[in-house]
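Q: I am new to this structure and would like to learn how to read it. Could you take me through it one feature at a time?

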Amino acid sequence: MSASDKLTIDIYSDVMCPWCAIGYGQLTKALDELDGEIEAQIRWRPFELNPDMPEAGEEQETHLRRKYGRSAEEGSKVRGQMKAIAEEAGVSLSYEGDEGEPADAPPAMMWNTRECHKLLGFALEQAGPEVQTQLKLALFKAHFNRRERLADRDILLNIAASVGLHRQAAKAALDDVDLEARVVAEEQQAWDFNISGVPAMIVNDKFMIPGAQPPETYVNLLRRVAEKSRAAA
């Protein structure tokens with residue numbers, strides 16, 4: 001049996017983006033199908049959907065109505081469609097906290113995510129891509145399933161510690177101006193790639209796959225990239 005093709009997949013993403021969680025779930029299904037054929041190293045790159053979001057955040061539905069000009073009825077329809085796609089991808093976007101009945105759940109909010117991206121950059125630099133992915137998934141869970149305040153440093157540091165990152169080192173990273181500059185530079189790189197929405201995946205630093213695609217689409221595209229990479233080697 002021939003050796004697996006090795007690909008690097010850089011995922012430009014924001015923690016607030018449900019389609020990013022869905023896209024990762026669909027990509028995971030594709031990579032499971034490609035097991036033994038393609039190995040992928042996944043790295044998460046920053047993209048802030050709302051870089052001007054104030055620290056106080058904004059209620060999610062209010063934010064989406066303001067940003068996209070959609071009615072409550074339209075919003076409900078979109079959420080229903082997205083939930084169905086998420087379930088097929090093996091992703092939960094539903095509140096799963098311990099506040100009692102769903103009616104008692106805290107409101108779904110949108111937060112400024114600059115510090116989330118700084119922590120993700122720190123995780124990649126200090127612990128590698130696997131731990132960075134663990135952190136990204138923990139942040140998704142904190143946002144979508146527990147509705148935690150991701151603008152709160154203590155909450156972010158608790159999440160970082162939960163995946164094995166050193167809490168004091170993570171705290172220092174949040175104050176590191178050089179790390180923030182690297183996050184800003186990577187966000188500019190996304191615009192240089194003409195990325196205006198997420199998720200967007202850059203494979204082997206060259207081939208872009210935009211949006212959250214069905215698993216079979218990822219399978220076909222990753223096979224094509226592997227073939228092109230072999231031909232160019």
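**Reading the features**

Q: What is the relative accessible area of Glu180, and how is it classed?
A: Glu180 has a relative accessible area of 27%, so it counts as partly exposed. Buried means under 20%, exposed over 50%, and partly exposed in between (1.4 Å probe, protein chains only). Keep in mind that this is a predicted model, where local features need pLDDT of at least 70, side-chain atom pairs count only at pLDDT 80 or more, and totals for chains, interfaces and linings use all residues. Residues are numbered from 1 along each chain as its sequence is written, and side-chain values use heavy atoms, without hydrogens or water.

Q: Which residues form salt bridges with Glu180?
A: A salt bridge is a side-chain nitrogen of Lys or Arg within 4 Å of a carboxyl oxygen of Asp or Glu. Here, Arg114 pairs with Glu180, their closest N and O atoms being 2.7 Å apart. That pair links distant parts of the chain, with Arg114 in helix 4 (residues 114-127) and Glu180 in helix 8 (residues 177-192), 66 residues apart. Helices are DSSP runs (H or I, at least four residues), as are strands (E, at least two), numbered from the N terminus. Lys118 also bridges to Glu180, at 3.5 Å between the closest N and O atoms. Because Lys118 is in helix 4 and Glu180 in helix 8, this pair ties together parts 62 residues apart in sequence. Lys118 is buried, at 3%, while Arg114 is partly exposed, at 21%.

Q: Which residues does the network of shared partners join?
A: Salt bridges with shared partners connect Glu48, Arg114, Glu115, Lys118, Arg153, Asp175, Glu180 and Glu187. The whole structure has 20 salt bridges.

Q: Which members of the largest nonpolar core touch the most others?
A: A nonpolar core is a set of buried Ala, Val, Leu, Ile, Met, Phe, Trp, Tyr and Cys residues joined through side-chain atoms within 4.5 Å. In the largest one, with 36 residues, they are Ile9, Ile11, Leu27, Ile42, Ile195 and Leu222. Elements that each supply at least two residues include strand 1 (5-13), strand 2 (38-46) and helix 9 (215-232). Helix 1 gives the most, seven residues.

Q: What does Ser13 touch, leaving out residues up to four places away in sequence?
A: Contact means heavy atoms within 4.5 Å. Ser13 touches Cys20, Trp44, Arg45, Pro46, Phe47, His117, Lys136, Phe140 and Val198 on that count. Ser13 belongs to strand 1 and is buried, because its relative accessible area is 0%.
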